[in-house]
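Here are a few exercises to work through with the model open beside you. Try each task before you read its solution.

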Amino acid sequence: MLQARLRHSTTSALTLLIVALATPGALADVTVAKTKATTLLVAELAEDESVEDIERSEPRRDSASEPARPPAPDVPAPVNTETSAIPADKPREIAPNIDLKEVAPLPEPEPALAEDRGIPVAPDAPPAEHVAPEALEPEPAAPVPAESFTLLGKEILPGTATRLAWSPGIQIAGLSQITPVLVVNGVNKGPTLCLTAAVHGDELNGIEIVRRTMYDLNPEKLSGRVIGVPIVNLTGFQQGSRYLPDRRDLNRHFPGSPDGTLADRIAHSLFNNVVRHCNMLVDIHTGSLKRTNLPQLRADMNHPDVAEFTRGFDRMAVVHSSGSPGMLRSAATDAGIRAVTLEAGESLRIQEHQIDAGVNGLNSLMEKHGMISRMFVWGDPEPVYYDSTWIRAQHGGILFSEIKLGATVSEGDILGYVADPITNEQHPIRATADGRVIGMAVDQVVMAGFAAYHIGTEAQVPGE
């Protein structure tokens, strides 16, 4: 026992000696490193884009004084993905034609996708910037039969619907997960529309919007193709979390890179294997951090093709937002794909009214571009909000709203108030301009500086 105590005392003394001999500079370096790591983590978790991309958005430019846009970068000629994406000695695998409404086991993913082998993947249709809007909208005298195309290693024949499997290949091999991709290839030629949802794993309304839209399509009556990814951020969805396992926001890392962070790799895989095959994209989101959004489009109205694209959504308000670097719609627009964000409701909830609005908007978009033909009655056009602002709480406490989402307000109107539960003080929050409530926080505990009400101003009716 005495020997054991002596060994313990000797070890403790050596430990204290090493600590005592550590130079102040070395300890300072460790402190700085920890501080930098903390700073990087906080930077990744900046305020969500429901607030951020509005407050940092470039203002709407006057078309009369707008400088000439630089020419779009040259897009390489489309490659024959049916031959380049699959080795010559391997026969093409035809995707099964299934009824999406029927329950079926998930397909197995391809072991190596085109971009994983370094093979460039070009869009199956010319980018939207190189196609005049009129070329997509008129009804042709005689429909042109569609062709098969290859996606995720499978050949999808005309007039078929199928489920494919996408896996970014970032998990442990024995525990890898696949993400379902729904595809409907119509019997006739037309544009290719991409629908993505749950890029943030806690945004449930978009999942249901994609499901209802895709399952209602009949490939025998469709012109063009629709590709739907109901749950992009599968790990976040399973955990009820907005973020990826590394606490990064996936919607800040597009178009991604094959050798970057986890978020970079997932973004790169989705963008190259799925999104680049489309010439129109609708990325569906909800409010976050206990905020809710009126069904609306977020779009860069300084981009002529995107501004024209927003006219296809029936009864959907449009909020000008130039977007932030790394957002899926920003990366898609830069790649020549017309893209918007569709916001509807709040996270972690299924809301029928917002879902119905989203499905209606997507059906009207497909009808406008000649993809489907239905008895569709267009409603009155919603305004385009070229300017909007978030009103922040000036005091901490419990937020109680006096108005509802979508309400029209005047400057000075009381929108709600913050009550201090200890002192019983009440602090009103007033509208700073005339406009409409297009987003708001749900009643909750807030701190000073919390973005509480999103007011759309300077509204204009499209076409006026």
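**Exercise 1: Thr341**

Thr341 sits in strand β10 (residues 338-346); strands (E, at least two residues) and helices (H or I, at least four) are DSSP runs, numbered from the N terminus. Bear in mind that the model is predicted, so local features need pLDDT of at least 70 and side-chain atom pairs pLDDT 80 or more, while totals for chains, interfaces and linings use all residues. Residues are numbered from 1 along each chain as its sequence is written, and side-chain values use heavy atoms, leaving out hydrogens and water.

Task: work out which side chain makes a polar contact with the side chain of Thr341.

Solution. Start with burial: Thr341 has a relative accessible area of 4%, so Thr341 is buried (under 20%; exposed is over 50%, partly exposed in between; 1.4 Å probe, protein chains only). Next, look for the partner: the Arg329 side chain, at 3.0 Å. A polar contact is a pair of N or O atoms within 3.5 Å; within protein, one must be able to donate a hydrogen and the other to accept it, and residues adjacent in sequence count only if both atoms are side-chain atoms.

**Exercise 2: the disulfide**

Task: find which residues the disulfide joins, and say which parts the pair ties together.

Solution. First, search the whole structure: one disulfide turns up (cysteine sulfur atoms within 2.5 Å). Cys194 and Cys278 are the partners, S to S 2.2 Å. Cys194 is in strand β5 (residues 188-197) and Cys278 in the loop between α8 (262-273) and β7 (280-285), so the pair ties together parts 84 residues apart in sequence. Finally, check burial: Cys194 is buried at 0% relative accessibility, and Cys278 is buried at 1%.
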